[in-house]
Structures are given as C-alpha cells and as structure tokens.
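Colleague: I would like to learn how to read a structure. Please take me through this one step by step.

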Amino acid sequence: MSASPPPGLSDVLAAQKTLTGITRVTAVEGSRHLSRMVGAPVRLKCENLQRTGSFKLRGAYTRIANLGPAERARGVVAASAGNHAQGVALAAELLGVRSTVFMPAGAPLPKVAATREYGAEVRTHGQVVDETLAAAQEFAETTGAVLIHPFDHPDVVAGQGTLGLEILEQCPDVRTIVVGVGGGGLAAGVALAVKATRPDVRVVGVQAEGSAAYPPSLAAGRPVALPEVSTMADGMKVGRPGDVPFRIIADLVDEVRTVSEDELSRALLLCLERAKLVVEPAGASPVAALLSEPGAFAGGPVVAVLSGGNVDPVVLDRSLRHGMAAAGRYLSLRLRVPDRPGVLAGLLGELSVADANVLAVNHVRTDPGLGVSEAEVEVQLETQGPRHCAEVSRSLERAGYRVLG
C-alpha cells in the first residue's frame, strides 16, 4: 500500500457524490453533561446510527464503486472483526459484487451474523485480525478477488473523509474534532477533509492504551508494529498504522491521545445513561478522551465522533459493569464481625439505612485467620458514586463495624 498516492480533497468530494443516497447524514446531538464538564459546547456525531452501525460503509462502498467491471467480476475479499466486514458486505450487495469476508475466531457473534445477512460468505480464520488479514490476502492472490483493505487505501480514506465534510456542514463553528484511531483511515479522512478548508480546526485522534501504535510510530517517523495489542475496543485493535493514513495523520492530525480501559468503560456508560446512545468501546473513545482530561478541550465547540455502535451484548454487559466500578458506582467491603445470630441481619439493616443496594454477600466463618467467635463478611454494593461510597464506609464504622477494606 505504501506506493499508493495519498488522496486529496477532490477525492473526498468525489466520494461524497458516490455515497449520495447510500449513506445517511447522521445526526449531531449536543451533550449538556459533557459541555459542563469541558466548559465549552460538546456535540456528538452519531455515526453509530449509520447503516451497518458504523462509519465503515463510507470507505468500503467508495472503494468497491471505483473498481472496474473486470475487477468487480472477480469479486472482493476483506478481513475484519466486524465493522469493516459489515460495510464491505452491504456495499458489495448494493453494487452486485460477490464478497468473501474473513473474520477471526473470536469475532462477536452478532457481527458475524449481520455480515452473513448482508450477503457475504463468511470464513473464520486466526485469532487476531492480522492473521485474518493474511488469510484474506492469500485468498485474493489465489482467486483474483480484490482485497478491500479496512484502512490502508486512498479510496477508503477518501470515503471516510466524507464524515469530515458532514461535520463542517452541520457544525460550521466547530473548533475541535475528536476521533478514534485504529489503523487510521477515519482520522486521516476527517483530517484531510477538514484541514483542506478549515486549517484552524484542531483534529485530535484517540487510541486505546493497549493498542496505541500511533504515538511510537509518529515518534519514529514511520509506521511501527506493536509486539502485542490488548483492548476491549475491538474496533481499534490494530497493531500497525496503515501506510496511507499514517502519512496524512503525521501531517494533519494535531495530536494523538491515549485512553485507558477504565476510561473507555466510563465513556460507554455515559453515552448510554446521558445520551441514550448504544456505542461500542472504540466508538466511545473520543468521549473517553474528554472524560480523561476535559480541560484539554476547552477551546470549543467540540465534536466527538461516535464512530460505531456494533457492540456484542456480552461485551456491553462487561463494559457497563466495569464502567460503573470505575465511576465509583460499585463498592466491595470486607468486615470482621462477631459470629452470633442477628449480626448479619443488623449489618444489612445498616446498609439499608445508608441507601446502599446489596448485590452479593459472602459470609465466611471457617477461615483459620478468624477468631473462634469471629466471622468475616464480604459485601458487594451498588452505590451512587464515590462520595456515597465514602459515606457508606463511614456510617458502618460509626455503627461499630470493623471495615477491613
């Protein structure tokens, strides 16, 4: 891909015409909560409501639409854990092109099912996307099918750049755009479209700490592969930047920040509770960046791109529980109490008075570290936040309970 010339604004404008009537102009919604936190207007670009549930249709359709008749006749092949797979499958179906999609063994089942429903033949290979991509490349070489790369192609970048044009049209007063970064196709496209006409607009990329290949790559001046990647955000679980987007991001993106798993979980929870939007962890990464350091975005208005909403219900459940814990909404306490009838009931009564919801109780009476007349109780509580956690602990101590941690 490194020999491919980078796209320009004319390519993004051409992609916008190609996508007319195909993709939705997704809504931009204000967030009072984030605006108060940042100290400037914050708006959410709801690309999680795009067809197929993410921005990926933009690049996939643009790429396939630009193929010649002979290339289309050979079919297309792609590799993806979910979002790109669905984008390629629907784009190919709309254009009457046969598609084969390789997905890793651990790909979320809802994404696999949706890809099949959009008309693609799905093949499972490998445990991570890099292994899956190698299988797709081998398939392309042996069959002649055209590989539709998830981010490392000028047409894909140009297609993703149409989202940047929409932001400028919907929010002409925007000062900062925050966008998640995996391989870099979306961030590169948005930066390309925005900086060409509004160089004053700050573009900030966001990566998960466990798969942040861009900071070391930017420091080295070339794409650098990470030895391993680990994050709940499968949409940005990419170990090496793409050559095409890397050049654009290095030139045009103002900053690439990283966020922790805790911050991603809190952001996903905030999107659900405050914005009433289902967003996948990668799609919530811009919100995570705002939560992490709100003062860094005070020069608003700010647009945070919610790039996708295709989240496995199992991952959603785990992420929400993790987000509640990170936000201080869960409290785990160990207490040493006298081992006699009525003590546990009294403890639960104190917790009720403190307005803490008991989720689980573990009552230990036979540990060798306990005295003959002692018991240890571990309680899992749902609380109203960090302040309430502290109040619950203090109320138990005032009531005479020995809180161990």
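**Reading the chain**

Modeller: The accessible surface of the chain is about 16,900 Å², and 50% of it belongs to carbon and sulfur atoms. Such areas come from the Shrake-Rupley method with a 1.4 Å probe, and for residues only the protein chains shown count as cover. This is a predicted model: local features need pLDDT of at least 70, side-chain atom pairs count only at pLDDT 80 or more, and totals for chains, interfaces and linings use all residues. Residues are numbered from 1 along each chain as its sequence is written, and side-chain values use heavy atoms, with hydrogens and water left out.

Colleague: What percentage of the residues in the chain is buried?

Modeller: Buried means under 20% relative accessible area, exposed over 50%, and partly exposed in between (1.4 Å probe, protein chains only). Of the 405 residues in the chain, 55% are buried.

Colleague: How many helices and strands are there in the chain?

Modeller: Helices (H or I, at least four residues) and strands (E, at least two) are DSSP runs, numbered from the N terminus. The chain has 16 helices and 14 strands.

Colleague: In what order do the six strands of the open sheet come?

Modeller: Two strands pair if DSSP finds at least two bridges between them. Here the order is β1-β2-β10-β7-β8-β9, with mixed pairing. β1 (28-30) and β9 (255-259) are at the edges with a single partner strand each, so one side of each has no neighbour in the sheet. On average, neighbouring strands of this sheet are turned by 25° against each other, direction ignored.

Colleague: In which sense do β7 and β10 pair?

Modeller: Strand β7 (residues 176-180) pairs with strand β10 (residues 302-306) in the parallel sense, over three bridges. The bridge partner of I177 in β10 is V303.

Colleague: Which strands does helix α9 lie across?

Modeller: Contact means heavy atoms within 4.5 Å. Axes are lines fitted to C-alpha atoms, for helices over the stretch in contact, and angles run from 0 to 180 degrees between N-to-C directions. Helix α9 (residues 185-197) lies across β7, β8 (202-208) and β10, at about 160° to β7. Helix α13 (residues 285-292) lies across β2 (42-46), β7, β8, β9 and β10, at about 120° to β7.

Colleague: Is S265 buried or exposed?

Modeller: S265, in helix α12 (residues 261-274), has a relative accessible area of 0%, so S265 is buried. Leaving out residues up to four places away in sequence, S265 touches M232, S319, H322 and G323.
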